[in-house]
Amino acid sequence: MKLSRRSSLKLIGAASTALIASPYIALADPVAHEVQMLSRDPENPKKRFLFSPQVLQIAPGDSVHFVATDRGHNSVSDPNMMPDGATPWAGQTSHDIEVTLDVEGTYGYYCNPHRGLGMVGLILVGDFSVNYEAAKAAEQPRKPAEVYGELFAMADALRG
Ligand SMILES: [Cu+2]
């Protein structure tokens, strides 16, 4: 279901009132996060073709807006790095795409033109342990495997 942020918030508000006793109703309103698609890291110009931030931790129901800050990139979910029941996404090159992630778990995604150069990212939703080990073990080409090594090291630290 694709809703504007405003109508999502309205629905959440209605649901909270109707189901106030449910422990599964989020306490906070959903948050809209941004991930920039970059050809060059402004903080480290030697670093090319990256998502920023590369690792994003969010709550279920939050949205992620992939912003085409630089042209020539897109965001595509990796089918081997998603929890069961999650909706895959595939943005058009040089276009923004916004996804709402309702299913808890570990999500990997890549830029189609630059996957081979290691342009990949990780999103951790809620209790992301459900498919964490499977996502970590997912087979990758050489360069993305290298980058995922770094990203999962960061994610390991978040797991405590
Ligand atoms: Cu790219």
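Mentor: Let us begin with pLDDT, which is the predictor's confidence in each residue, from 0 to 100. This is a predicted model. The mean pLDDT of the protein is 88, and 82% of its residues reach 70 or more.

Trainee: Where does pLDDT stay under 50?

Mentor: That is the case over residues 1-19, for which the model has 13 contacts beyond four places in sequence. Where pLDDT is low, the predicted coordinates should not be read in detail.

Trainee: Now the metal. Which residues are the protein donors of the copper ion?

Mentor: The donors are His73 through ND1, Cys111 through SG, His114 through ND1 and Met119 through SD. They lie 2.0 to 2.6 Å from the copper ion. Along the chain, the donors follow the spacing H-x37-C-x2-H-x4-M.

Trainee: And what is the geometry of the site of the copper ion?

Mentor: The site is tetrahedral, with angles of 93 to 133 degrees among the 4 donor atoms.

Trainee: Are His114 and Met119 buried or exposed?

Mentor: Both His114 and Met119 are buried.

Trainee: Let us turn to the sheet. What is the order of the strands in the open sheet?

Mentor: The open sheet has 4 strands in the order S3-S8-S7-S5, with mixed pairing.

Trainee: In which sense do S3 and S8 pair, parallel or antiparallel?

Mentor: S3 and S8 pair in the parallel sense, over 4 bridges. Within this pair, Ile58 stands opposite Val125 in S8. On the other hand, strand S7 (residues 105-110) pairs with S8 in the antiparallel sense over 6 bridges. There, Gly105 has Val125 in S8 as its bridge partner.

Trainee: And how many bridges join S5 and S7?

Mentor: S5 and S7 pair over 2 bridges, in the antiparallel sense. Val76 has Tyr110 in S7 as its bridge partner.

Trainee: How many residues of strand S8 are buried?

Mentor: In strand S8 (residues 120-125), 6 of 6 residues are buried. Val120, Leu122 and Leu124 point one way, whereas Gly121, Ile123 and Val125 point the other way. In a regular strand the side chains alternate between the two faces of the sheet.

Trainee: Where is Gln54, and what does its side chain contact?

Mentor: Gln54 is in the loop between strand S2 (44-52) and strand S3 (55-58). The side chain of Gln54 makes a polar contact with the side chain of Lys47, at 3.4 Å. Beyond four places in sequence, Gln54 is also in contact with other residues, including Val120, Gly121 and Leu122.

Trainee: Why does Gln54 count as buried?

Mentor: Its relative accessibility is 13%, and buried means under 20%, so Gln54 counts as buried.

Trainee: What does the side chain of Tyr132 reach at 3.4 Å?

Mentor: The side chain reaches the backbone oxygen of Phe152. Tyr132 and Phe152 are 20 residues apart along the chain, and their C-alpha atoms are separated by 9.3 Å. Among the other residues that Tyr132 touches are Thr106, Leu124 and Arg159.

Technical notes: Residues are numbered from 1 along each chain as its sequence is written. This is a predicted model: local features need pLDDT of at least 70, side-chain atom pairs count only at pLDDT 80 or more; totals for chains, interfaces and linings use all residues. Side-chain values use heavy atoms; hydrogens and water are left out. Donors are N, O and S atoms within 2.8 Å of the metal (3.2 Å for Na, K and Ca); water is not among the atoms, so sites may look incomplete. Four donors count as tetrahedral if all angles lie between 85 and 135 degrees; four count as square planar and six as octahedral if opposite donors are over 155 degrees apart and all others between 65 and 115; anything else is irregular. Buried means under 20% relative accessible area, exposed over 50%, partly exposed in between (1.4 Å probe, protein chains only). Contact means heavy atoms within 4.5 Å. A polar contact is a pair of N or O atoms within 3.5 Å; within protein, one must be able to donate a hydrogen and the other to accept it, and residues adjacent in sequence count only if both atoms are side-chain atoms. Two strands pair if DSSP finds at least two bridges between them.
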